[in-house]
Amino acid sequence: MKNKADVVIIGGGVNGCSLAYRLARRNLDVVVVEKGYLTSGATGACGAGIRQQWSTKENASLAIQSVKIFEKLSAELGQDIEFRQGGYLIAVHDSKELEQAEKNVEMQRSLGLKVDVLSPEEIPRIAPLLDVQGMAVVAATFCPTDGHANPFRTTFAYADAAKKQGATFLTHTEVTKLTVRNKAMSSVTTTQGEVAAPVVVNAAGIDSMRIAAMVQVPLPLMPFRKEIMATERLEPLFEAMVISFKDGIYFSQQKEGQIVGGIPIPEERSGFKTMPTFAFLQHMSRTLVRYAPVLRHVNMLRHWTNYYDVTPDARPILGEVPQVKGFIQCSGFSGHGFMISPMVAKLLTDYIVDGKTTEVLENLRLDRFKGGSMNKELSVVG
Ligand SMILES: Cc1cc2nc3c(=O)[nH]c(=O)nc-3n(C[C@H](O)[C@H](O)[C@H](O)COP(=O)(O)OP(=O)(O)OC[C@H]3O[C@@H](n4cnc5c(N)ncnc54)[C@H](O)[C@@H]3O)c2cc1C
């Protein structure tokens, strides 16, 4: 096993693999350590929706710039990641939500995003299966360039491209200890041996809190079980992702025809729980059929769970921590870490290689939680 690297990345999800690719392309010697297989964390369980409609400038600009990268990513990586842009339709249920939606749209348009506010009558034009009365909406917002990609294909395409650039991937290898010398990262101990490195990236999903605790850095992450299901395959019915912040539901139709979607059960609380629940099946099917009665007789085939790594303001924790030089955070994605992964990798690469920072990166550092006020992301499901 290699015993030295420029950068060790802990975690082989979409964020670890996309960062490995960008760093290796800049000629850094990169080792990715993954305790299971690539995509075995949240990445392999996710809905993989890509949405640019956010309430905070940081999330919106990360997503908008990520979409620009996603649009060319299959060609860049030389593999089809199944990126498609069917849009996101966000249900708006009352005047308070409408007021917030209008504010969001104004901010998103100021960043150059094309996004519309639709009346209830215009909604079936986007997704004819929707019943606007059942949804109980007063409006919706719609962005046609939002979309979806295949999370497995995306992650493996990044990893293959990173390997071609010389990166090393150690799968089924767990990080058990981090060593700091003179307040700087020194080495990473794994179940296969030790790797010395001056830069260590913590991209371990919900386990990032355990990794950071190895060097006494507390991360304010909360694990939330998220349940998600897939139906049998159907003929093409609609292209958009449909979501509601109030009801917590999201669903879209995949290229192969199945509907994939999720909703939090009302009694869900934070905790390390992985068991799928019967309550989810009931709540999901009732809400889905209220939104799209035509799906009443469709069979659900699969149902699985994984975690959101949720921060107090629902925005990621990125960048170097003040306590340990060379210890870089890349977690706290709060349920939207797939869609912003291209830009997260770019920002962290620019920081690690060139020492370059940006306003977005600065606003997402761990130290932001020290201050009193919080700029909370409001456009979240569940
Ligand atoms: C049900 C569900 C639906 C979602 N839908 C969407 C969506 O539509 N759009 C979107 O953008 N996001 C969505 N997300 C969120 C998204 O999946 C995550 O934010 C994203 O995949 C995080 O990727 P990651 O690489 O940061 O972490 P992960 O994919 O969790 O990868 C972390 C990796 O670190 C490894 N690891 C942990 N500890 C160690 C250790 N000690 N040593 C070595 N390796 C270790 C783990 O095995 C894991 O593979 C969803 C999540 C869930 C659960």
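Is Thr-154 buried or exposed? Thr-154 is buried, with a relative accessible area of 0%; here buried means under 20% relative accessible area, exposed means over 50%, and partly exposed lies in between (1.4 Å probe, protein chains only). The structure is a predicted model, in which local features need pLDDT of at least 70 and side-chain atom pairs count only at pLDDT 80 or more, whereas totals for chains, interfaces and linings use all residues. Residues are numbered from 1 along each chain as its sequence is written, and side-chain values use heavy atoms, with hydrogens and water left out.

Thr-154 belongs to helix H6 (residues 151-164). Helices (H or I, at least four residues) and strands (E, at least two) are DSSP runs, numbered from the N terminus. The C-alpha atom of Thr-154 is separated by 9.0 Å from that of Leu-77, although the two residues are 77 apart along the chain.

Strand E19 (residues 327-331) is largely enclosed by the rest of the structure, because five of its five residues are buried. In a regular strand, side chains alternate between the two faces of the sheet. In E19 both faces are covered: Phe-327, Gln-329 and Ser-331 are buried on one side, and Ile-328 and Cys-330 are buried on the other. E19 pairs with strand E12 (residues 199-202) in the parallel sense over three bridges; two strands pair if DSSP finds at least two bridges between them. Val-200 has Phe-327 of E19 as its bridge partner. Strand E18 (residues 317-320) runs antiparallel to E19 and is joined to E19 by four bridges. Here the bridge partner of Glu-320 is Ile-328 in E19. The hairpin of E18 and E19 has six residues between the strands, and within this hairpin Gly-326 takes a positive phi near 85°.

E9 and E10 run antiparallel and are joined by six bridges. Val-175 stands opposite Thr-190 in E10. Two residues lie between the strands of this hairpin, and Asn-182 takes a positive phi near 50°. Most residues other than glycine have a negative phi. Asn-182 is not a glycine, yet its phi is positive. Asn-182 is also exposed, with a relative accessible area of 78%. Ala-314, found in the loop between E17 and E18, likewise has a positive phi, of about 60°, although Ala-314 is not a glycine. In contrast to the exposed Asn-182, Ala-314 counts as buried at 7% relative accessibility.

A polar side-chain atom of Glu-34 lies 2.6 Å from an oxygen atom of the ligand. The protein covers 96% of the 1,000 Å² of accessible area that the ligand has on its own. Accessible areas come from the Shrake-Rupley method with a 1.4 Å probe, and for residues only the protein chains shown count as cover.

Contacts within the protein were also examined. Thr-141, in strand E6 (residues 139-143), counts as buried at 5% relative accessibility. The side chain of Thr-141 makes a polar contact of 2.7 Å with the side chain of Gln-53. A polar contact is a pair of N or O atoms within 3.5 Å; within protein, one must be able to donate a hydrogen and the other to accept it, and residues adjacent in sequence count only if both atoms are side-chain atoms. His-336, found in the loop between E19 and helix H9 (341-354), is buried, with a relative accessible area of 2%. A polar atom of the His-336 side chain lies 3.4 Å from the backbone oxygen of Ser-334.
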